Amino acid sequence: MSVDRSIVKQAIFDAIPLWVPAIPFALIIGLAVVESGMNPLLGWASAWIIFGGAAQLTLIALLGSGTAVAAAVTAAIVVNARHLMYSAALAPKFQEQPKWFRWLGPYVLIDQLFAMAMLRLDDDPRTWRTYYLTAGGFFWVSWQVTIAVSLFVGPVVPSAWNLGFAISILFLGLVVMGIDTSPKLVAALAGAGFTFLFAGLPNRAGLLVGALVGVLAGTIVERVKSDD
Amino acid sequence: MTELFAVLMVGLGTYAGRALFIITLANRTIPPAVLQALQYVAPAVLSALIVALLIDGEGNVALGVPEAAGLAVGGAVAYKTRNHILTLVVGMTVYWLVRALICDPQLRVC
């Protein structure tokens, strides 16, 4: 059993440029942990347990702002609903893999890795597994290190800078860059609008109303458009 | 304890979403209606989040001029450049500048 070094090298080479945009996420998660008053160790552990920046940041930011735990957990889980599509898309390729890898692989299945793995579906099973595990491992280690660093940097930043606002800008960037069709735009506007309308609900539960209406609105607009 | 529980739940939920088809339903396909709804979850939840994070203790949306300016410019930069780092840097800079220009810390206007 020898690992093909050229595959390992290629995986890391491909992963590095995709890793760079994730760095601000890691830094802001560190700040969010500090700002929310969460135990930094738990903040770091959450990066191991969840291994998904958007879900982790959603949970920490909402818990820190006094949102009901059930609403925060729900929002954090569904924010990554697209993972279901990744899972379905890669399932056939995973069928030819050993069991241990079918259980381990999904744990590191982030956006970047999905994009990389999809481009190499023609690889033989062993090459594909080496490539997947190398890139996944690279993302995982880099993520844990950057989060750890940000947990040390976070407390040093003066609170007067209000860096917590960067969380909102980061989420806005995610929304804007994810909108590529008009129904998605409608979903985003409805999500924001209805959360605003239901802002008075206790424990920020309006968030769930907004999310639900947003999904419905997007779906309806898509149906109406395809009927034309 | 509550926080640890919440983290574990989200960890489990996130893993389940990634693993579902790979481990158990490899031969199934997602029903078209579900697939259709799935693409709207991220934009709806994320934009709901942005608003939810601005809600203050009294249930009002606390969107001051600096926040609005930072979000507007940040959104425009995200749209034009599709670059997270640039979006963050420009958005926060605008937020700080506007805050420094119009907010008087003594008067606590902002």
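This is a predicted model: local features need pLDDT of at least 70, side-chain atom pairs count only at pLDDT 80 or more; totals for chains, interfaces and linings use all residues.
Trainee: How many residues of domain 1 of chain A are in contact with domain 2 of chain A?

Mentor: Six residues of domain 1 of chain A touch six residues of domain 2 of chain A. On the domain 1 side, α5(A) gives the most, with three residues. By class, that side has four nonpolar, two polar and no charged residues.

Trainee: Let's step back to chain A as a whole. How many helices and strands are there in chain A?

Mentor: Chain A has twelve helices and zero strands. Along the sequence, that reads as α-α-α-α-α-α-α-α-α-α-α-α. The C-alpha trace of chain A spans about 60 × 55 × 30 Å along its principal axes.

Trainee: What percentage of chain A is buried?

Mentor: Buried residues make up 50% of the 228 residues in chain A. Also, take the contacts in chain A between residues at least 6 apart in sequence: 73% of them join residues at least 24 apart.

Trainee: Can we zoom in on one residue? Where is Ala75(A)?

Mentor: Ala75(A) sits in helix α5 of chain A, residues 69-78.

Trainee: And is Ala75(A) buried or exposed?

Mentor: Buried, because Ala75(A) has 26 C-beta neighbours inside 10 Å, and the cut-off for buried is 20 or more.

Trainee: Which residues is Ala75(A) in contact with, leaving aside its neighbours within four places in sequence?

Mentor: In chain A, the contacts of Ala75(A) are Thr58(A), Leu62(A), Leu207(A) and Ala211(A). From chain B, Val45(B) and Leu49(B) are in contact with Ala75(A) as well. As for Leu62(A), its C-alpha is 9.0 Å from that of Ala75(A), and the two are 13 residues apart in sequence.

Trainee: Got it. What about Pro92(A), where is that one?

Mentor: Pro92(A) is in helix α6 of chain A, residues 82-95. With 13 C-beta neighbours inside 10 Å, Pro92(A) counts as partly exposed.

Trainee: How far is Pro92(A) from Leu216(A) in space?

Mentor: They are 30 Å apart, C-alpha to C-alpha, and 124 residues apart in sequence.

Trainee: New topic, helix packing. At what angle do α11 and α12 of chain A cross?

Mentor: Helix α11 (residues 182-197) and helix α12 (residues 206-227) of chain A cross at roughly 155 degrees, and their axes come within 7 Å. That makes α11(A) roughly antiparallel to α12(A), because angles over 145 degrees count that way. The contact of α11(A) with α12(A) has 14 nonpolar, seven polar and three charged residues.

Trainee: And is the crossing of α11(A) and α12(A) left-handed or right-handed?

Mentor: Right-handed.

Trainee: OK, on to chain B. How is chain B divided into domains?

Mentor: Domain 1 of chain B is 1-34 and domain 2 is 40-104. Their C-alpha centres lie 30 Å apart.

Trainee: How many residues does each chain put into the contact between chain B and chain A?

Mentor: Chain B gives 60 residues and chain A gives 79. On the chain B side, the elements with two or more residues are α1 (2-24), α2 (32-38), α3 (41-52), α4 (65-81) and α5 (84-102). The largest share of that side, 19 residues, comes from α1(B). By class, the chain B side splits into 39 nonpolar, 17 polar and four charged.

Trainee: Can you give me one helix pair from the two chains? At what angle do α10 of chain A and α5(B) pack?

Mentor: Helix α10 of chain A (residues 165-178) and α5(B) pack at about 135 degrees, with their axes 9 Å apart. That makes α10(A) oblique to α5(B). The crossing of α10(A) and α5(B) is right-handed.

Trainee: Which residues meet there, between α10(A) and α5(B)?

Mentor: From α10(A), Phe165(A), Ala166(A), Ile169(A), Leu170(A) and Gly173(A). Facing them in α5(B) are His84(B), Thr87(B), Leu88(B), Gly91(B), Met92(B) and Tyr95(B). By class, the contact of α10(A) with α5(B) has seven nonpolar, four polar and no charged residues.

Notes. Residues are numbered from 1 along each chain as its sequence is written. Chains are lettered from A and ligands numbered from 1 in the order in which they are written. Axes are lines fitted to C-alpha atoms, for helices over the stretch in contact, and angles run from 0 to 180 degrees between N-to-C directions. Helices (H or I, at least four residues) and strands (E, at least two) are DSSP runs, numbered from the N terminus. Angles under 35 degrees count as roughly parallel, over 145 as roughly antiparallel, 65 to 115 as roughly perpendicular and the rest as oblique. A crossing is left-handed if the near helix is turned anticlockwise from the far one by less than a right angle, and right-handed if clockwise. Ala, Val, Leu, Ile, Met, Phe, Trp, Tyr, Cys and Pro count as nonpolar, Asp, Glu, Lys and Arg as charged, and the others, Gly among them, as polar. Domain bounds come from an automatic or database domain assignment. Two residues are in contact if their C-beta atoms, placed from the backbone, lie within 7 Å. A residue is buried if 20 or more other C-beta atoms lie within 10 Å of its own, exposed if 12 or fewer, and partly exposed in between; C-beta atoms are placed from the backbone.
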